[in-house]
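Thank you all for coming; I would like to take you through one model this morning, starting with its pockets and then moving on to its sheet and a few backbone angles. Please have the display in view as we go.

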Amino acid sequence: TGASREEHLSNPTLTMKLVHPDDWKSWVENNEESDRTLSPFVWDGRMIVGGKVKWVHYESRPRELSNGDRVWTGVMLDITKLKSAEEELLKNENIIRNISNNLASGMIYQIILMKDGTRKITYLSDSVRRLYGISPQEGIENSDLIYGKVHPEDKDRLIQEEEEALRNLSVFRSEVRMMNP
């Protein structure tokens, strides 16, 4: 927090004074719940330390002493770098999503080949709507809505090329005819 151990010991409310104003409500609510129920206090939020915003993670467990006093024993971790990495990842995911959803004549997808030979689609870009006339969720729930559109004369070759790429962990490339959606 930027304060010494001695400063914290002499002023137990010092930490509370550092809580970011926008996070104050959740800090108070979590503390009150922990105090009322003697349940663990777990909180992620921002603090202003030395004029800089830091993200922190708190976990503490309250216990009641025989005289009725309450003691919280826990840890506080600086998670500023983790939060920065999460924000950067989210930004990059949004960039990729915007690109993939605006492909004029293609789509981005992820497929898992199951041990039993079935395929499970785990991701479809929004451009599947233009290509197949279905939503990404519909295609994820039922891969036949996509594989069923492959021209019958191309289907065996497509599956063979896909399996070969998976087996060799190589790039999958295939050109097939698709039936109109």
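Predicted model: local features only at pLDDT ≥ 70, side-chain atom pairs only at ≥ 80, totals over all residues.

How do the residues of the lining of the second largest pocket divide into nonpolar, polar and charged? They divide into 16 nonpolar, four polar and two charged, where Ala, Val, Leu, Ile, Met, Phe, Trp, Tyr, Cys and Pro count as nonpolar, Asp, Glu, Lys and Arg as charged, and the others, Gly among them, as polar.

Residues are numbered from 1 along each chain as its sequence is written, and side-chain values use heavy atoms, with hydrogens and water left out.

A word on terms. On a 1 Å grid over the protein atoms alone, a pocket is an open set of points where a 1.4 Å probe fits, with protein on both sides within 12 Å along at least five of seven lines, and lining residues have an atom within 4 Å of a point. Grid points are joined across faces, edges and corners, and a volume is the space filled by probe spheres set on the points. Helices (H or I, at least four residues) and strands (E, at least two) are DSSP runs, numbered from the N terminus.

To stay with the second largest pocket, its volume is about 660 Å³, and of its 22 lining residues, Met107, Tyr109, Tyr132, Leu158 and Phe172 lie nearest the centre. Helix H8 (152-168) is one of the elements that supply at least two residues of this lining, and H8 gives the largest share, four residues.

The largest pocket holds about 810 Å³ of space. Its lining has 21 residues, and those closest to its centre are Pro12, Thr15, Trp27, Tyr58 and Trp72. By class, this lining has 11 nonpolar, six polar and four charged residues. Among the elements that each supply at least two residues to it are helix H3 (24-37), strand S2 (52-64) and strand S3 (70-78), with the largest share, six residues, coming from S3.

That brings us to the sheet, which is open, has three strands in the order S1-S2-S3, and pairs in the antiparallel sense; two strands pair if DSSP finds at least two bridges between them. S1 and S3 are the edge strands, each pairing on one side only. S1 and S2 are paired over nine bridges, with Phe41 opposite Ser60 in S2. Nine bridges also join S2 to S3, and Arg63 has Val71 in S3 as its bridge partner. These two strands, S2 and S3, form a hairpin with five residues between them, and Gly68 in the turn has a positive phi of about 95°.

Which backbone angles deserve a second look? Most residues other than glycine have a negative phi.
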